[in-house]
Amino acid sequence: MHEPPAATGGAEISLTDVLTGMYRRLLTAYGPQHWWPADSALEVIVGAVLTQNTNWQAVEKAIARIKDRGLLSIPALHETPVDELAHLVRPTGYFRLKARRLKNLIEILVVEYSGDLERMGKLPTGQLRDRLLAVNGIGPETADSILLYAFRRPVFVVDAYTLRVMSRHRLVLPKAAYGELQSLIMGHLPPDEAVFNEYHALLVHVGKRHCRRTPSCPGCPLEPLLP
DNA sequence: GACCAGGCACATC
DNA sequence: GATGTGCATGGT
């Protein structure tokens, strides 16, 4: 994995420089995003499942409903019937599916780690990721969100906004696979959990406002990015 | 009334 | 390996 040699005229820019420059521009324009908006690691995990293909406002409602009933704990979620959980997370859509997915995750937490997130957190990052991915309903983005925002591992989370922003700026093709974009980014940035945390949040923020399929992007802090 | 939102699993070719 | 489809509510 080599950086392109610096051009004699100083015109060439490495991917590391591009990614670092994007990060700096976004942070300057928008400031720290304070992600993940949650009070506990368990809340991050629940939110990560509920936000699948769903806007965050709906997730907040659902989490509030769970909290209001005092069910935001591993034992309580484990005891809650799946139908009752489905009712609570209804605002997020796919509610039967998501209730089942939450139960799948809670089940392995209880059975394999005594319902103790800290015990699960003793696994090295690679093994932790594999274990999460083996749960039905936990895909790469959900697993990586949990790794980064609940377990604070230096893993870059790729999502629809990441792809939108990066492909618009020609760093990858619009149809790039998850792992392709993730390894591109992680291969060119040092593994810094705090930076990955902030960077992903900033990409979501800018992606909601810009980088859509429009010819120009007035007001975007990333424009112009590349020559 | 479309269209979108911080995906994923599964079937089919 | 690539592509298509079901899952579903709520806001704009």
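Helix 1 and helix 12 cross in a left-handed sense, a crossing being left-handed if the near helix is turned anticlockwise from the far one by less than a right angle, and right-handed if clockwise. Helices here are DSSP runs of H or I with at least four residues, numbered from the N terminus. The model is predicted, with local features requiring pLDDT of at least 70 and side-chain atom pairs pLDDT 80 or more, while totals for chains, interfaces and linings use all residues. Residues are numbered from 1 along each chain as its sequence is written, and chains are lettered from A and ligands numbered from 1 in the order in which they are written.

Two packed helices are described by the angle between their axes and the distance between the axes. For helix 1 (residues 15-30) and helix 12, the axes come within 10 Å and cross at roughly 70°; axes are lines fitted to C-alpha atoms, for helices over the stretch in contact, and angles run from 0 to 180 degrees between N-to-C directions. The two helices, helix 1 and helix 12, are therefore roughly perpendicular to each other, the term for angles of 65 to 115 degrees. At this crossing, Y23, L26, L27 and Y30 of helix 1 meet E198, Y199, L202, H205 and V206 of helix 12, where contact requires C-beta atoms, placed from the backbone, within 7 Å. Seven of these contact residues are nonpolar, one is polar and one is charged (Ala, Val, Leu, Ile, Met, Phe, Trp, Tyr, Cys and Pro count as nonpolar, Asp, Glu, Lys and Arg as charged, and the others, Gly among them, as polar).

Chain A as a whole is divided into domain 1 (1-31 + 156-227) and domain 2 (41-150), with bounds from an automatic or database domain assignment. Their contact takes seven residues from domain 1 and six residues from domain 2. Helix 12 (residues 193-209) gives three residues, the largest share of the domain 1 side.

The DNA strands come next. DNA strand B is surrounded by 23 residues, the closest being Q52, N55, G139, E141 and T142; a residue is near a strand if its C-beta atom, placed from the backbone, lies within 6 Å of it. Helix 9 (140-150), helix 10 (160-168) and helix 12 each give two or more residues to this surface, and the largest share, four residues, comes from helix 9.

Around DNA strand C lie residues including N53, R90, Y94 and R96. Here helix 6 provides the largest share, three residues.

Key: Contact = placed C-beta atoms within 7 Å. Parallel < 35°, antiparallel > 145°, perpendicular 65-115°, else oblique.
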